[in-house]
Amino acid sequence: MSARRVVCAVNPSAGQGVPGDLGRRLAGGVGGGPLPDLEVVLVTAGSMPELRGRAAAELAHSGGVDALVVMGGDGMVSLGAGLVAGTGVPLGIVPAGTGNDFARGAGIRRGAPAVGIERMLTGLRTGEVGIREVDVVRFALDGVEHVALNSVNIGFDAVVNRRANELRRLPGTARYIAALLDSVRSFSPREFGVSVDGGPARGVAAELLTILNGSSIGGGIRVAPHAVVDDGVLDLFIVGRLSKLGLLTLFPLAMVGLHTRLPAVSFERMRRVRVQVPAGVLVYADGEELRGPARGACTLDVRVDPGALRLVQPQGPA
């Protein structure tokens, strides 16, 4: 595909940083050269809600939009998917966050975001990009509809995620491991109600439940090694009761693919799932908190929307 008008939404607080002169560089043309046949609308803001609103306004432009490009981490990817999934507008992703887990699962080149944005926009201008239709995670929580691309995290994984977001001085997976060490001391398993693909509800005593479209969390910890972003199903990763030592070693084992041998670990492939979440249990999606520890019990309904997102794939080696 080729493009004439592209909206580029940038998270200024992304973990890998965003070049301060990005706006000037885009205005002058990618790589310092002219882009006479590509209009790039740069959107940024001080908060994610404000950024979402500004990007949505640009997407509604009467002149039309050929693609939305997001630059940041998994939270920005989720924001972009929420804006264009099901609309036919392609989404380009330039990973610039700490974890970039959806980008990993989708085979998108990571590192050097300044190079990544130039490569993406040049490809859109010249037509040297392809389109891959990938699945979207749609879910309802407290009566509000949400979209995720990589994962919905419930329980201990969400607790670690929250702590990791506070440890901003550490890079990627190191931040997640540090958060794991800090979180495990005060955590205990909870009782969930789980119904898969419309089947009967069953009680599950678990440390965590993670619903995945991608294969990894925490900056490359492949907890669902067989998950594929365009296979039309989701993976339910459940960790039952573990000792604190077992919980402490769970993610390091997952980094080398050995966690699948633990008796407490189970996987299910499904198209939809309902989870009865107890009071006080955290719920995260794509690295963003949706439900904090002070909230009451709730019902979470999650389903896959197969092929709902048209993902821009720059040509060349990943």
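The accessible surface of the protein comes to about 13100 Å² (Shrake-Rupley method, 1.4 Å probe). Carbon and sulfur atoms hold 51% of that surface. This is a predicted model: local features need pLDDT of at least 70, side-chain atom pairs count only at pLDDT 80 or more, and totals for chains, interfaces and linings use all residues. Residues are numbered from 1 along each chain as its sequence is written, and side-chain values use heavy atoms, with hydrogens and water left out.

**Overall build**
- The protein has eight helices and 16 strands; these are DSSP runs numbered from the N terminus (helices H or I, at least four residues; strands E, at least two).
- The radius of gyration, taken over C-alpha atoms, is 20 Å, which agrees with the value near 20 Å for a compact globule of 318 residues.
- The C-alpha trace spans about 60 × 40 × 35 Å along its principal axes.

**Strand β3**
- Six of the six residues of β3 (residues 67-72) are buried, so this strand is largely enclosed by the rest of the structure.
- In a regular strand, side chains alternate between the two faces of the sheet.
- On one side of β3, A67, V69 and M71 are buried; on the other, L68, V70 and G72 are buried.
- β1 (residues 5-10) runs parallel to β3 and is joined to it by five bridges; strands pair if DSSP finds at least two bridges between them.
- C8 has V69 as its bridge partner in β3.
- β4 (residues 91-95) is also parallel to β3, again through five bridges, and its L91 stands opposite L68.

**The six-stranded sheet**
- An open, antiparallel sheet has the strand order β12-β11-β10-β7-β14-β15.
- β12 (265-270) and β15 (288-291) stand at the edges with a single partner strand each, so one side of each lacks a neighbour in the sheet.
- The twist averages 20° from one strand to the next.
- Five bridges join β10 (residues 208-212) to the antiparallel β11 (residues 234-239); L208 has V239 as its bridge partner.
- Helix α6 (residues 156-166) lies across β7 (151-155), β10, β14 (283-285) and β15. The helix runs at about 105° to β7, with axes fitted to C-alpha atoms and angles from 0 to 180 degrees between N-to-C directions.

**Helix α8**
- G246, L247, L250, F251 and A254 are the buried residues of α8 (residues 244-255).
- Seen down the axis of α8, these buried residues fall within an arc of 135°, so they line one face of the helix.
- G257 follows α8 and has a positive phi, near 80°.

Methods. Buried means under 20% relative accessible area, exposed over 50%, partly exposed in between (1.4 Å probe, protein chains only). The arc is that of the directions from the helix axis to the C-beta atoms. Contact means heavy atoms within 4.5 Å. The radius of gyration is taken over C-alpha atoms; the globule rule is 2.2 Å times the number of residues to the power 0.38.
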